[in-house]
Amino acid sequence: METDIFPQTGIRHSLRERWGFVIDPGFLALPYVVLLHQAELGLSSECLNVLLNFLAHWHAEGRMAYPHTNTIAKRMGISPRSVQRAVSWLTKEGFMAKVPKRNSRDRQSYDLTPLVEKLKPYAWARIQLMQERRREEVLSDELLIELSRPPRPTGAEMFGEAIRQGIPVAGYPAPVPVKNEQ
């Protein structure tokens, strides 16, 4: 069964070549860095799934996502309370922000731009690999390991004060006493 509901242009065309007509009802755009850095970001599989549901409702910049927790719970096969806990964690950890309601009857909506800000350092590191033509490393877990290491302090940072005070430090030249000329 083939459908030709949508024009065959751009991104939808290349996705349709891969997925066929199952792409026609819609698709979710997701930056790789969300998946590649899931553990480093602290996203449990349940929180990631809830986040994906919010992303599916974030159709345009400035238009906030507002799926109902019951809807997400039914899709995931979990309790609404579990979804509420995940939403609370995602909000507290800065993946999304509650948008103030204009009146009490409005549905709670969420701003997902904090997620974009949180992902920028990870994306930039991978973009630099692409610019250096190290494409095979862009999706590599080795970058994840490298990014997760804390920066190593230099010897001067670690032992600078000791050296300034004249305390001998293995591997560094002994401090030369300064003569006071009077």
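For these notes, Ala, Val, Leu, Ile, Met, Phe, Trp, Tyr, Cys and Pro count as nonpolar, Asp, Glu, Lys and Arg as charged, and the others, Gly among them, as polar.

**Ground rules**

I am working from a predicted model, where local features need pLDDT of at least 70, side-chain atom pairs count only at pLDDT 80 or more, and totals for chains, interfaces and linings use all residues. Residues are numbered from 1 along each chain as its sequence is written, and side-chain values use heavy atoms, with hydrogens and water left out.

**Confidence**

I looked up pLDDT (the predictor's confidence in each residue, from 0 to 100). The protein averages 78, and 64% of the residues score at least 70. Helices here are DSSP runs (H or I, at least four residues), numbered from the N terminus. Residues 1-7 have pLDDT below 50, and this stretch has eight contacts in the model beyond near neighbours in sequence; contact means heavy atoms within 4.5 Å. A note to myself: where pLDDT is low, the predicted coordinates should not be read in detail.

**Helix 4 against helix 6**

Next I checked how helix 4 (residues 45-56) sits against helix 6: their axes come within 9 Å and cross at roughly 85°. The two helices are therefore roughly perpendicular to each other (65 to 115 degrees). Axes are lines fitted to C-alpha atoms, for helices over the stretch in contact, with angles from 0 to 180 degrees between N-to-C directions. From helix 4, E46, C47, V50, L51 and F54 meet S82, V83, A86, V87, W89 and L90 of helix 6. I sorted the residues of this contact into nine nonpolar, one polar and one charged.

**Pockets**

A pocket is an open set of points on a 1 Å grid over the protein atoms alone, where a 1.4 Å probe fits, with protein on both sides within 12 Å along at least five of seven lines; lining residues have an atom within 4 Å of a point.

Twelve residues line it, with L15, R18, W19, L28 and L30 nearest its centre. Helix 1 gives the most to this lining, four residues. I noted eleven nonpolar, no polar and one charged in the lining.

The second largest pocket has a volume of about 340 Å³. Its lining has 13 residues, of which L28, A29, L30, L55 and W58 lie nearest the centre. By class, that lining divides into twelve nonpolar, one polar and no charged.

Note on methods
Parallel < 35°, antiparallel > 145°, perpendicular 65-115°, else oblique. Points joined across faces, edges and corners; volume = space filled by probe spheres on them.
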